[in-house]
Amino acid sequence: MMSADYSHIKVLPEQAKEIAKNLYNLEGEIKSLPGELDFNFRLKTKTESYILKIGRPDEDLEYLEFQQEILNYVSNSNLNAPKVFPDIHGKYISSIKDAEENTRYVRLLSWIDGRLWSSVNPIKGELLFSLGREAGKIAKALEGFKHSKVHRSFDWDIAQSEWTFKYLELFSKEQQEIVSYFQKSFESFQKDYKKLRKTVIHNDANDNNILVSDNLIDPTVTAIIDYGDAIYSQPINDLAVAIAYAIMGKPDLLAAALPIVSGYHKEFSLLEEELPFLYHLVAMRLIISVTKSALNKQKEPDNTYLLISEKPAWDVLKRWQELDANLVHFNFRGACGFSAHPDEIAFLNWAKTQDVSLNNLFPSLDFNQVFSLDMHVGSTWLGHETEYNDIELTTFKINRLQVEKPNTLFAGGYLETRPFYSTKAYQKEGNSGLEYRTMHLGVDFWVNKNTPIHAPFDGQVYSIYNNGNNKDYGPTLILEHKTDNGIPFYTLYGHLSESILNLVRKGQKINKGDLMAYVGNINENGSWSPHLHFQIMLDMLDYQQDFPGVAFPNNVSVWSSLCPNPNVLFKYDGMDSHQNKSNKELLDFRKKHLGKSLSLSYKQPLKMERGAGVYLIDVFGRRYLDTVNNVAHVGHEHPRVVKAGQEQMAVLNTNSRYLHDNINGFAKELLETFPQELSVVHFVNSGSEANELALRMTKAFTKAKDMIAVEIGYHGNTNACIDISSYKFDGKGGQGAPEHTHIVPLPDMFRGLYQGENTAENYAKHIDEQIENIHEKDRNLAGFICESIISCGGQVELPENYLKLAYQAVRKAGGLCIADEVQTGCGRVGHTFWGFQLHDVIPDIVTIGKPIGNGHPLAAVVCTQEVANAFANGMEYFNTFGGNPVSCAIGKEVLQVIKDEKLQENALKVGNYLKKELISLQKKFPIIGDVRGQGLFLGFELVDKNKNPLAEKASYLANRMKDYGILMSTDGKDNNALKIKPPMVFSMDNADELLTRLKQIFQEDFMKF
Ligand SMILES: Cc1ncc(COP(=O)(O)O)c(C=O)c1O
């Protein structure tokens, strides 16, 4: 019965087409659009676009006139709002009779271009901000609008949402709990809420009314349409509507809401007294929505539009309720530029007048100065991860410091971003990937276990509790106080001794100077070096015996307002922690004083401070999964490699003119990885130096100068290396191949000169051709240099047999074959230890670089006895640093770690999995044109249907992956290839993380073609 009603009044596109022709004399394409009340159509004539709105039978004419007036009113502002057009009789509101003789009102509005918010992906902070601004602009433009209809009774007006109370039974038990929680609080604040200012508000910034610009990288909101819900109400309700819809589907609802609040406030200043309600009003708008859906579902089961926002609305309601209302309020205040906690300024002013000595806290300690221990992410005092995670060691280091600096209290750490909060409890999925809680909110006092702690001020015990999880506070005392002017505040004492649990009790009065606790030991304090964590809170939020001691850095302004710096009371020089230099400061210096042709990764450069395995950790403690760095071969700051270097450096570092076990030891281990023909090693300091030496050797052996190299090949930064690097001399600032360099085409099987059958032969013919060229000039070939998988060319795998044919041709002409393994070596390609072994060839010279020192400047040239003999012509080869005992200790350890941790096997296993999964991703996202590589030396190209390279999309992908905490790099002839060459400890989980984020970004608007 009910469904028949809807189908009777429904207007079909053919009918709409006729109406447009009859009433407006307009013809064109027609498409039906979603709408709750009107039946809306887009009409596209040859020159213009319109929106045709056909009302329901019972529509109120006066209400339609009101809508027209409001559109006219805002047409005087600079808003992008729809215009109203008259019909052929000059009427702005026309009427027709439908098949059942009902009057149906018809209107024609201008079409506003743009993408619907609901179709936009991704929705980033800037877009949310721009939504807030547009909504705020409308609120400003509507100020002063008057019409009797704005005072109507209206279900969608949050101020009138009490009507929803009687429909609670429509929902499940769980849903009822959520709904009644918000309804009760809505009821409870009516007195103050009703006193808030009122104005005419748009009231309907839902995701089908928001239009977004066509810019797919940095989109902005261009308009918010449909003024039909405008009402005279509290403006904070208008903002609540915008928030309610725009945060749907976001992992972090609050973080998504904040830019909307900031944007709105920028255009339409919000008042402090309005903000406490906002959290509840967002929920009430969603409650109106879900109640409407439930009611309408009963009335019109086949109207699917009504159901569109029901599911996400429930999702938001459920998660919104889990947030702390006060914390949300403080965040909203912060987003408007007010101090996040309303008492912050008054508290700070009071604190300035106080004279609280730290001797009050620790009367048993004898100190006359305070010294801050540097524990920020990049702190060298903390040392390696394995060191700071060794609590005994850290305790020992602190004890040593106490001996070295007597009469000193070691204290600090307020707002310090620290690397050691690494358990899952310190992470969350944010709106751009994982986020890490790293910023310390209290001050730590590094004093011995059992140090007595006395009350620094009068107070009362708020809670006493053992927060006993690993890396938690252990026994914790929280006191409640009041300033002289009546502001409540709390102090937290964490990592205490268990004896506290019997020493004081909840509610007990504490007088300044009273003994209240002792510093705990490692076994009872949450597993930390003994210390007191002291924190001030202006609000306990919903916490009873605990309070976060560490915050997310992107939310620090709110948390630091809630938890002021304890040193505002103590006022000790030396207690404030390490201050990070701003990126701007670093950039400005760099621009002026560092080499001008140095480049930086990413549009917004990163400042990395620490490495750990497959991760690089930035200055804020955010972990980036590094899929780029084949230098940190066995993992960033691998503890064994670090230790090998540190230990040898402490004993001896000199040059290779002295005998040393490390030199021989490393050489032996390295040569064992090679076929026996390659049995002599020369140690150098960089890949460039290795290739430079290889070139000298080649020239010495052949007495010739002419080299053959591959297009887009890169072999190093020295003069001779640049001369054989087409990547450089054929690129920006280059001047083409020098006289003695002969370039053969990149043997690319996907988009290169030859594809399909006989590719290897076809590409190898160019080597013969170049040899002929050299001979024609009456010169001889010196050699041929080639990577085993061409890296800068975009991870291009060589066709099967190519290297064999190439080597045959080169050797026939008397030349030497150099395998540049600077990128591909040391087990990375999985099947074999060296890349050339994939091709069943033995080079005359192999150059090794990046991975062998795991970040330490170490490289090598390995060659045959014949080549080495020819090079040893009497002129000494001296290299100041090459082969020093420290470098050799490191190189040897790297080789051993590769073996011990089976990293070559890992490269094969994880690499195969990743390649297979990338190939299946390719089926879903055809923009991935080619997936290639071996082991953990992989790459994929982005192309359109005709294999045209898509460099901008590759760069977008790399930058978006960075936003999600994954580092990738682009390269290749056309800069459209993504390279994957992570530290070899890259695990299956890491591969899955990479794949998950790739899938996510491939779905974004800019990645479509
Ligand atoms: C293939 C290849 N060879 C040589 C080099 C030069 O090595 P380095 O930068 O250590 O001098 C590089 C550096 O990227 C390289 O990729």
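Let's start with a term: a polar contact is a pair of N or O atoms within 3.5 Å. Keep in mind, too, that this is a predicted model.

With that cut-off in hand, look at the ligand. A polar side-chain atom of S688 sits 2.4 Å from one of the ligand's oxygen atoms, so the pair falls within the 3.5 Å limit for a polar contact. D820 uses its side chain instead, with a polar atom 2.8 Å from a nitrogen atom of the ligand. On its own the ligand would expose 390 Å², and the protein buries 86% of that.

Who else is around the ligand? The surrounding residues include N691, Y714, H715, E787, Q823 and K850. By type, this shell splits into two nonpolar, seven polar and three charged residues. Helix 23 (residues 687-702) supplies the largest share of the shell, with three residues.

Now for some charged pairs. Side chains of opposite charge can pair when their charged atoms come close. The structure holds 46 salt bridges, and here are three of them:

| Salt bridge | Closest N to O distance |
|---|---|
| K137 and E134 | 3.9 Å |
| D588 and K584 | 2.6 Å |

K137 and E134 both belong to helix 4 (residues 125-142), three residues apart, or about one turn of the helix. Is E134 buried or exposed? E134 is buried, because its relative accessible area is 6%, while K137 is partly exposed at 32%. D588 and K584 share helix 20 and are four residues apart, again about one turn of the helix. Here K584 counts as exposed at 55% relative accessibility, and D588 is partly exposed at 36%.

There's also a nonpolar patch on the surface, formed by F589, L594 and L598, with about 300 Å² of accessible area together. L594 is in the loop between helix 20 (583-593) and strand 26 (608-612), and L594 is partly exposed, with a relative accessible area of 36%.

One last stop is T864, in the loop between strand 37 (859-863) and helix 28 (865-871). T864 is buried, with a relative accessible area of 7%, and a polar atom of its side chain lies 3.2 Å from the backbone nitrogen of V867.

Note on methods: Residues are numbered from 1 along each chain as its sequence is written. This is a predicted model: local features need pLDDT of at least 70, side-chain atom pairs count only at pLDDT 80 or more; totals for chains, interfaces and linings use all residues. Side-chain values use heavy atoms; hydrogens and water are left out. Patches are made of residues with over 30% relative accessible area and no salt bridge: like charges are joined within 9 Å, nonpolar side chains (Val, Leu, Ile, Met, Phe, Trp, Tyr) within 5 Å. Accessible areas come from the Shrake-Rupley method with a 1.4 Å probe; for residues, only the protein chains shown count as cover. A salt bridge is a side-chain nitrogen of Lys or Arg within 4 Å of a carboxyl oxygen of Asp or Glu. Helices (H or I, at least four residues) and strands (E, at least two) are DSSP runs, numbered from the N terminus. Buried means under 20% relative accessible area, exposed over 50%, partly exposed in between (1.4 Å probe, protein chains only). A residue is near a molecule or strand if one of its heavy atoms lies within 4 Å of it. A polar contact is a pair of N or O atoms within 3.5 Å; within protein, one must be able to donate a hydrogen and the other to accept it, and residues adjacent in sequence count only if both atoms are side-chain atoms. Ala, Val, Leu, Ile, Met, Phe, Trp, Tyr, Cys and Pro count as nonpolar, Asp, Glu, Lys and Arg as charged, and the others, Gly among them, as polar.
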